Amino acid sequence: MAPTSTKSSLKRVLLSALCLPVFAAPVSADVVNYVSGAPAKDIKILKEIVKPWEEATGHTLEFTSMPPSTTDSFAQYRLWLAANNSDIDVYETDVIWAPQLANHFVDLSNAASDVIDAHFPSIIESQTVDGKLVALPLFTDAPALYYRKDLLEKHGAAVPSTWEELTATAKSVQAAERAGGQSDLWGFVWQGNAYEGLTCDALEWVKSFGGGQIVEPDGTVSINNEQAINALELAKSWVGTISPEGVLAYQEEDARGVWQTGNAVFMRNWPYAYALGNSDDSAVKDKFGVVPLPSGGSNDKSAATLGGWNLAVSKYSKNPDAAISLALYLTSPEAQKRRALELSRLPTLVSLYDDEDIKTEQPAIAEWKDIFLQAVPRPSAPTKTKYNEVSSKFWSAVHDTLSGNGSAAENLELLEIELNEIKGNSW
Ligand code: GLC
């Protein structure tokens with residue numbers, strides 16, 4: 001449950017927001033349909049956060065659940081939006097989708113004009129397409145390396161700072177623990193399924209080896225290079241050794257499942273796994289730490305892929321005013337604070353990184369700020385409406401490599417040709 005002070009401040013923001021024209025005297029009690037593929041705990045908190053808004057406006061939130069994979073949600077959203085579906089009012093959208101879905105959403109620039117400056121400018125920029133604010137930032141995302149403090153201490157191992165070190169430590173701790181009877185223990189779990197999550201993981205390997213960003217900000221296809229090949233070959237060596245074969249089907253929640261039952265030394269995951277990992281029913285509660293992901297080598301820098309989720313209002317909504325009012329409310333400081341405290345979701349509002357309650361109750365969020373500020377964007381801005389195609393070609397080439405279906409060199413050479421074909425004369 002939320003501390004009472006958070007609840008009453010939620011009420012305060014709502015009452016002050018009632019002065020905005022968009023909240024003014026609701027003429028009807030509308031049902032606002034909200035879609036999201038967020039994990040169960042996020043939805044539980046959403047339903048709690050929304051109550052004061054429902055009471056004050058007379059509107060109700062109706063929730064529609066999506067599959068956890070962002071790739072699957074995107075496919076469904078695209079179908080609904082292409083059909084001008086008016087059943088969904090508010091879409092929870094991935095940071096990479098703004099350029100592809102912009103035409104289907106309401107411009108929120110005017111409705112949000114008072115609050116835009118409170119968010120990190122880079123996030124607002126990522127959601128702005130041709131001057132239109134396509135979605136309001138809900139939380140931002142940047143992954144880290146989760147490590148088992150107890151196991152590293154027990155085996156006298158240091159927290160790795162390069163991928164080579166991670167490989168060696170994962171191998172030795174896994175071997176020692178298995179010899180001691182922990183037969184289910186794995187060295188490293190991550191997201192190897194053929195979907196957007198693998199694009200994120202593999203971009204981190206490639207970028208941290210100095211192998212670029214797949215497509216560079218100026219539109220050049222850069223993926224076919226020696227460093228990228230080395231990065232993917234190293235990742236391939238993990239499958240079946242320090243990572244289970246099944247990692248090739250893992251998404252975030254699968255990796256977290258193995259980790260949270262105490263069966264992994266290291267995990268690559270987003271901040272949400274922090275609060276869940278420290279929940280009372282977690283086998284790793286208070287036993288783990290987080291650090292930036294490893295780098296490719298001593299001269300290379302660590303790279304974290306920039307993620308994050310936003311709220312967009314459908315152009316086909318029959319209740320756009322109520323939907324906008326909900327989006328403003330759910331992205332407000334009080335709602336973001338509650339999400340930070342209970343779900344370790346990173347705020348998009350700059351001021352919350354100085355919030356005393358967040359600093360005390362979720363100290364990891366302050367440390368995560370630097371990871372997020374240096375995070376690497378996927379090439380959704382340069383590739384515009386072709387991003388999904390680009391990403392799916394990339395994750396397929398990576399998945400093939402990890403599965404032993406062609407070498408990294410062969411697959412990246414082919415990928416370069418395919419991406420240049422998709423590009424044509426320009427993106
Ligand atoms: C997280 C990120 C999102 C990314 C997804 C990949 O949800 O916030 O940006 O696309 O993971 O699985």
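Let's begin with the domains. The assignment for the protein chain gives two of them: domain 1 covers 4-142 + 306-375, and domain 2 covers 144-304 + 381-423. Keep in mind that this is a predicted model.

How far apart are the centres of domain 1 and domain 2? Taken over C-alpha atoms, they are separated by 28 Å. As for the contact, domain 1 puts in 26 residues and domain 2 puts in 20 residues.

Now the interface itself. Between domain 1 and domain 2, about 2,000 Å² is buried. Carbon and sulfur atoms give 69% of that area. Which elements does domain 1 bring? Those giving two or more residues to the side that touches domain 2 are α4 (70-82), α5 (98-101), α14 (333-343) and α16 (363-373).

How many residue pairs are in polar contact between domain 1 and domain 2? The count is four, with both residues at pLDDT 80 or more.

Stay with helix α4 for a moment. Find S73, which lies in this helix. Is S73 buried or exposed? S73 counts as buried, because its relative accessibility is 3% and the cut-off for buried is under 20%. Who touches S73? Leave aside the neighbours within four places in sequence, and S73 is in contact with M66, P67 and W97.

Next, a contrasting spot. Look at D130, in the loop between β4 (128-129) and β5 (132-133). D130 has a relative accessible area of 81%. The cut-off for exposed is over 50%, so D130 is exposed. Now find P99. D130 and P99 are 31 residues apart along the chain, and their C-alpha atoms are separated by 9.0 Å.

Last stop, the strands. Please find β10, residues 288-291. Which residues sit on each side of β10? F288 and V290 are on one side, G289 and V291 on the other. All four are buried, so both faces of the strand are covered. The partner to look at is strand β7, residues 144-148. In which sense do β7 and β10 pair? They pair in the antiparallel sense, over four bridges.

Over to you for questions.

Methods. Residues are numbered from 1 along each chain as its sequence is written. This is a predicted model: local features need pLDDT of at least 70, side-chain atom pairs count only at pLDDT 80 or more; totals for chains, interfaces and linings use all residues. Side-chain values use heavy atoms; hydrogens and water are left out. Buried means under 20% relative accessible area, exposed over 50%, partly exposed in between (1.4 Å probe, protein chains only). Two strands pair if DSSP finds at least two bridges between them. Domain bounds come from an automatic or database domain assignment. Contact means heavy atoms within 4.5 Å. Buried area is the accessible area (1.4 Å probe) that two parts lose on being put together, summed over both. A polar contact is a pair of N or O atoms within 3.5 Å; within protein, one must be able to donate a hydrogen and the other to accept it, and residues adjacent in sequence count only if both atoms are side-chain atoms.
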